[in-house]
Amino acid sequence: MITIKEIAAEAGVSLGTVDRVLHNRGRVSQETIALVRRIAEENGYVTNQLGRRLRKNQQFRFGVLLPDLGSAKHAFWNQIINGVEEARKELESLQIEIIYSTFDTMADESFLNAGKKLLSNGVDAYIVAPIVAEGMRSLVKLFPDIPFAFVDSSLPDIKPMWNFAQDPIAAGKTGARLMSMMYPAFARVAALPIPKTISNSTETRADSFCASYSEEHPNVPIRKFYGIEIEEVIDDLIDFSSGEGITGVFVVSAQAASLCRILEEREISDRFRIIGFDLSDENREVLRNGKIGAIIGQRPQAQGHDAITTIYNHFVLQHDAEKILSAPIDIYIKENIPESSHWL
């Protein structure tokens, strides 16, 4: 990487002139400004913001606003936190602090209160799962100057500084294609569970799945089941599946293993073929045992890790990655399950 001294030598100016150009202070001709900046950019010069902050004993504080693990009951959020903590360990020798605030996924008020508590703590930026839409809109109005990154899902009317969410429409279409390829002779198809009270990507994912599957199989009955947990919809699903033929089920959240467990307890698992979402430890096990056909993943651990490191790079190194870093749509079958969580 080029140094200030080397920039000065190549531009034929003093070190002081280069310093004034790079830090926008003092009077310098436009011609010299253009020359110095061109040399710096072409040679990958990065200002040492980190060194200056450390010398001044200043600390960066990043916030994390996620569902309460006790109320959400989904391993998915644990995987995001694992990624955040992985980034924290990488940055722990630097003056970086990460603080958490959690909310009840079923309550706008809980989200807003948790957000206020977090952002009143002097955070430089934060990452957030915007699954309570109205609460997120209110939070942005209250704290418009604090930049944030979305993880897990997005809101079409709010533009974050960074977005690490997967495209739910593409994910739903992928689920439909997998269902068509793996189990082409279904008598009926279902998508579940879909929470009506949470505004996130799961319903969009389910809508996309149903539309895509119906387009290819217009004569196959298809139905969405609304609820927060599998247990809330299991009886209706069983009623829907009664009769001749196999029922294909697309579980749009991380609860495929829960569905497998209930179906086995009731001794009716042979009536269903399942595609799940998110490679949690529980889903990994049922996939490995052949109890479900496939899992669609969105790398939640990488979402958490990359959100923190990208924010760090922005503030400390003044280096910006792409603003929209859509999580990939990974497809896992029992033959290609990653052994290390590093790849999640």
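**Ground rules.** I'm working with a predicted model, so local features need pLDDT of at least 70 and side-chain atom pairs count only at pLDDT 80 or more, while totals for chains, interfaces and linings use all residues. Numbering runs from 1 along each chain as its sequence is written, and side-chain values use heavy atoms, with hydrogens and water left out.

**Helix H9.** At the N-terminal end I found aspartate 167 as the cap, with a side-chain oxygen 3.0 Å from the backbone nitrogen of isoleucine 169. Buried residues (under 20% relative accessible area; exposed is over 50%, partly exposed in between, 1.4 Å probe, protein chains only) include Pro168, Gly172, Leu178 and Met179. Their cover includes helix H10 and strands S8, S9, S10 and S11.

**Cores.** Next I looked up the nonpolar cores (buried Ala, Val, Leu, Ile, Met, Phe, Trp, Tyr and Cys joined through side-chain atoms within 4.5 Å). The largest has 48 residues, and Ile96, Tyr126, Ile127, Met136 and Ile308 touch the most other members. Elements that each supply at least two residues include strand S1, helix H7 and helix H14. H6 gives the largest share, 7 residues. I checked tyrosine 126 for contacts (heavy atoms within 4.5 Å): leaving out residues up to four places away in sequence, its partners include Gly63, Met136, Phe148 and Ile311. A second, separate core of 28 residues includes Ile234, Ala257, Tyr332 and Leu344.

**Salt bridges.** I have 14 of them in the structure (a side-chain nitrogen of Lys or Arg within 4 Å of a carboxyl oxygen of Asp or Glu). Glutamate 42 pairs with arginine 38 at 3.2 Å between the closest N and O atoms. They sit 4 residues apart in helix H3, so about one helical turn separates them. Glutamate 42 is exposed at 54%; arginine 38 is partly exposed at 40%.

Arginine 261 and glutamate 231 meet at 3.3 Å, N to O. That pair links helix H12 to helix H11, 30 residues apart. I also noted glutamate 339 with arginine 288 at 3.7 Å, which are 51 residues apart, glutamate 339 in the segment after S11 and arginine 288 in helix H13. Lastly, shared partners join Glu134, Arg137 and Asp157 into one salt-bridge network.

How values were computed:
A polar contact is a pair of N or O atoms within 3.5 Å; within protein, one must be able to donate a hydrogen and the other to accept it, and residues adjacent in sequence count only if both atoms are side-chain atoms.
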